[in-house]
Amino acid sequence: MSSSVSSLSSSTLSGSMMSLYSDSDVGNVEVRGCIQFALQYEAKKKELQIRVIQCQDLAEAKKQRSDPYVKSYLLPDKSNHSKRKTAVKKRSLNPIFNETLKYKIEQAELQGRILNLSVWHHDTLGRNLFMGEVEVELSAWDWSNTGPVWFNLQPRMRVLPDVLSSRGKLFFAIKFIPAGTEGAGLPPTGELHIWVKAAQSLIPVRSGSVDSFVQCYVLPDDSKTSCQKTRVVKRSLSPIFNHTMVYDGFQAKDLSEACAEFTLWEHETFSKQQLGGIRLSLGTGSSYGLPVAWMDSTEEERQVWESLIAEPRQWVEALLPLRTNLTPRT
């Protein structure tokens, strides 16, 4: 088993971790009224545009007045990287904003996002007070509708546990070289070559950027010798790894019983957290006659593995979602 690494520079995004809002930020303002906004995705700019138009019939926050503004997040990202705000409108219960909040994001990534729009009273000398919010699941939004819509403001909504099916995509290539096909009896055994190229549009659990690496096993061997890793790429939501791995000792028939498992991890100082993974196999549910939980490949993953088997010595390139629902191996 061998491994080689080639480094490329990667783009970085910075962001600091913070809560959407803490209990002390909420206050006891009555939640009432409504908000009007419009959504549009600008394909050429790869930009989500949120036109915050106005609010009506807001509650009085302090001393018979409110100084409202609107704040947005693209959940589950709750960091400063995801936060946008309008200007504050002084002394108004029916503020008109007519401001556009913008996010640079791939349209496909919106399928896993929830738009959170909240209204706040701005207090120069004290704490800002929560006045209501709405949440919109963008996977269900009708993007042909770019006109203004009204939503009633709701009391504070608790952020739900992670329900995303994917937290980004992994770009990679893979090929199988049978024994003796390279001339002069080389390689002596079959070799599985894995080229981890990059990840795209990662959605971190807690922060606006992520330090990440990819870890690979070729199951059923889950020993330390089977584990290979890329380098850690810091502060990037689209890290470039450009890392190649070689697993030897294979015969062609072993591929029907094996599974190449890729997992992407968020690297922290004293710990790591898995963001998602991919399993390439025939997805039969068994290996060498024994039932195994890790033979759970999706149709897309299965097609990549079938192409690998059908086209030896050829790179099979793929861009697949990093699943959050990998069945535990044991």
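Buried here means under 20% relative accessible area, exposed means over 50%, and partly exposed covers what falls in between (1.4 Å probe, protein chains only). By that cut-off Phe130 is buried, with a relative accessible area of 2%. The model is a predicted one, with local features needing pLDDT of at least 70 and side-chain atom pairs counted only at pLDDT 80 or more, while totals for chains, interfaces and linings use all residues. Residues are numbered from 1 along each chain as its sequence is written, and side-chain values use heavy atoms, with hydrogens and water left out.

Helices (H or I, at least four residues) and strands (E, at least two) are DSSP runs, numbered from the N terminus, and two strands pair if DSSP finds at least two bridges between them. An open sheet of 4 strands runs in the order β5-β4-β7-β8, with antiparallel pairing. At its edges stand β5 (84-85) and β8 (129-137), each with a single partner strand, so one side of each is left without a neighbour in the sheet. Strand β7 (residues 114-121) is joined to β8 by 8 bridges, and the two run antiparallel. Across this pairing, Trp120 stands opposite Phe130 in β8.

Next come the aromatic rings. Rings of Phe, Tyr and Trp (its six-membered ring) pair if their centres lie within 6.5 Å; planes under 30 degrees apart count as stacked, over 60 as edge-to-face and the rest as tilted. That rule gives 4 aromatic pairs. In one of them, the ring centres of Phe37 and Phe151 are 5.3 Å apart with the planes at 20°, so the pair is stacked. Phe37 belongs to strand β2 (residues 34-42) and Phe151 to strand β9 (residues 149-152), so the pair ties together parts that are 114 residues apart in sequence. Phe37 counts as buried at 0% relative accessibility, whereas Phe151, at 28%, counts as partly exposed. The rings of Trp120 and Phe130 have their centres 5.5 Å apart and their planes at 75°, so this pair is edge-to-face. Trp120 in strand β7 and Phe130 in strand β8 are 10 residues apart. Trp120 is buried too, at 2% relative accessibility.

Rings also turn up next to charges. A charge sits over a ring if NZ of Lys or CZ of Arg is within 6 Å of the ring centre and within 35 degrees of the ring normal. Arg84 lies over the face of Tyr103, 4.1 Å from the ring centre, and Lys197 does likewise over Trp195, at 4.2 Å.

On to the charged pairs. A salt bridge is a side-chain nitrogen of Lys or Arg within 4 Å of a carboxyl oxygen of Asp or Glu, and the structure holds 14 of them. One of these joins Arg32 and Asp57, with the closest N and O atoms 3.8 Å apart. Arg32 lies in the loop between α1 (23-26) and β2, and Asp57 in the loop between β3 (47-56) and β4 (68-75), so the pair ties together parts that are 25 residues apart in sequence. Arg32 is partly exposed at 28%, and Asp57 is partly exposed at 44%. Asp123 and Lys62 meet in another salt bridge (2.5 Å, N to O). With Asp123 in the loop between β7 and β8 and Lys62 in the loop between β3 and β4, this pair ties together parts that are 61 residues apart in sequence. Asp123 is buried at 14%, but Lys62 is partly exposed at 35%.

Arg279 and Asp296 also form a salt bridge (3.2 Å, N to O). Arg279 is in strand β16 (residues 272-280) and Asp296 in the loop between β18 (290-291) and α2 (299-310), so parts 17 residues apart in sequence are tied together. Arg279 is buried at 3%, and Asp296 is buried at 19%. Through salt bridges that share partners, Glu261, Arg279, Asp296, Glu301, Arg323 and Arg329 join into one network.

Last, the nonpolar cores. A nonpolar core is a set of buried Ala, Val, Leu, Ile, Met, Phe, Trp, Tyr and Cys residues joined through side-chain atoms within 4.5 Å. The largest has 34 residues, and those with the most contacts inside it are Phe172, Ile174, Phe262 and Leu280. Elements that each supply at least two residues of this core include β10 (166-177), β11 (190-200), β16 and α2. A second, separate core of 30 residues includes Val52, Phe97, Leu101 and Trp141.
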